[in-house]
Amino acid sequence: MSSLAWIDFDEAERQRAQRIMALFQERESRDELGLGAIRDSIADHLFPGTSTIQTRLRYMLFIPWILRRLEGRDGTASQLAAEGRAMEIKLSAALKAGGESDGIIGRLAGSRLQRLPSSVYWAGLGAWGIRQFPGSRETYYATLPTLRRRRQRSEVEVEGFEDLQTGSWHPGLPAAPPDFLETASFTLTEDEAQFIKDRLVASAPTSLLTWLARQPDNGQCAYIWQHPALGDFPAAARRLVEHAEIFSGVIHGASLLYNLQLAELRGRDDWIDLYRGRLAQWAAELDDQRLAAWSLADFWREVEHPTHTIRPALVRFVQDWVGLARTGAVDLPESEVARALVRDRERRLKTSQSRFTNHAVRDRWGGASGADRLSFRWGQAQSHLGDLLHGQ
């Protein structure tokens, strides 16, 4: 049996190793062409603290309310972690009792829930400065017994101790409703909405998410570049949105061609017709003049982000694909050069698990992998903005 181990030199390296292991546990990656570094760089610039698995904004408060209660209780780290899990599952029932249905994490799984809300929102809580504890959830639970003992020595026990502010969370965190684990809703109070706005201003003052949070309308649209207030966006954000739109549009063709080739290898005429039709539509909608004038040098400068590494192989793949698209997008479905570019990219990334070389893996393919346009987490950001707007 093979295993993966590391020396625990520091918290950052430990979390990085955990993210690597999480990738091995995913049954099917949706980023078949390895575009994630670019996608996430753009998303983190525009909408910091968000992730594709977040649901509703008030979890940014539910989680610290739950965990702060644990800081006033006795028990070992494992006991407190179990108690925290129980409270997170209880929150799911409380939201259902409060009449909520959309966005409840664990609504169907109940006690079988694998990925807890605290796991989903942990990084975002840190990015927005709501969580001030610097480590992982596991490290946080490990420190709880020490925190309890230290506070017992330094503070006088008072009624309501479990709701006292601690250094793990922002001191301005609004007080938790006393019965939120019995009945709860996703509706933010005015104070809660203002606290989140203040955290965005403090943690990401120049982000588009912060600018949008101050607007009277969250702008209903499928993609951020369709936002009705696009012309009013701050200049830097507007430039990045324009780059994101062009990149999303042109690279979508590569994803469609990937799916077309797999459909052909599977001999599925229905899927073949589907992807040929989508590629024809893609070529017809691609703005040739705008693509020709697009500066890739400017694009790479704009998308650079300190927490994401865009490797040279990905840069070459994107530049080669853009070069082919500029010569004539309508011809790419039949271009062996374009087909080989896509095949070779996936083969290098997935090696023995490539669908082009591994028949067993290809036979499990469900007919669509990364076949939608990149939206850079606008769906999650738009949901959060809607919750923020309705909480006012």
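1. Helix α13 passes helix α14 in a left-handed crossing. A crossing is called left-handed if the near helix is turned anticlockwise from the far one by less than a right angle, and right-handed if clockwise. Helices here are DSSP runs (H or I, at least four residues; strands are E, at least two), numbered from the N terminus. The model is predicted: local features need pLDDT of at least 70, side-chain atom pairs count only at pLDDT 80 or more, and totals for chains, interfaces and linings use all residues. Residues are numbered from 1 along each chain as its sequence is written, and side-chain values use heavy atoms, with hydrogens and water left out.

2. The geometry of this pair can be stated in numbers. α13 covers residues 312-328 and α14 covers residues 336-350; they pack at an angle of about 160 degrees, with axes 10 Å apart. That makes α13 roughly antiparallel to α14. The axes are lines fitted to C-alpha atoms, for helices over the stretch in contact, and angles run from 0 to 180 degrees between N-to-C directions. Angles under 35 degrees count as roughly parallel, over 145 as roughly antiparallel, 65 to 115 as roughly perpendicular and the rest as oblique.

3. Which residues in α13 and α14 meet? From α13 they are A313, L314, F317, D320, W321 and L324, and from α14 they are V337, A338, L341, V342 and R345. By class, the residues of this contact divide into 9 nonpolar, no polar and 2 charged. Contact means heavy atoms within 4.5 Å. Ala, Val, Leu, Ile, Met, Phe, Trp, Tyr, Cys and Pro count as nonpolar, Asp, Glu, Lys and Arg as charged, and the others, Gly among them, as polar.

4. A second pair is α3 (residues 59-70) and α5 (residues 117-127), whose axes come within 9 Å and cross at roughly 105 degrees. α3 and α5 are therefore roughly perpendicular to each other. Y59, M60, I63, P64 and L67 of α3 meet P117, S118, Y121, W122, G124 and L125 of α5. The contact of α3 with α5 has 9 nonpolar, 2 polar and no charged residues.

5. Is S207 buried or exposed? S207 counts as buried, at 5% relative accessibility. Buried means under 20% relative accessible area, exposed over 50%, and partly exposed in between (1.4 Å probe, protein chains only). S207 lies in the loop between α7 (190-203) and α8 (208-213). The side chain of S207 reaches the backbone oxygen of A204 at 3.2 Å. Leaving aside neighbours within four places in sequence, S207 is in contact with H45, L46 and P48.

6. T351 is in the loop between α14 and α15 (359-363). F376 is in the loop between α15 and α16 (378-390), and F376 is buried, with a relative accessible area of 2%.

7. A93 belongs to helix α4 (residues 77-97). With a relative accessible area of 42%, A93 is partly exposed. A93 and L181 are 88 residues apart in sequence, and their C-alpha atoms are 8.1 Å apart in space.

8. Last, the chain as a whole. The protein chain has 16 helices and 0 strands. Of its 392 residues, 49% count as buried. Among contacts with a separation of 6 or more, 75% are between residues 24 or more positions apart.

Conventions:
Polar contact = N/O pair within 3.5 Å; in protein donor to acceptor, adjacent residues only side chain to side chain.
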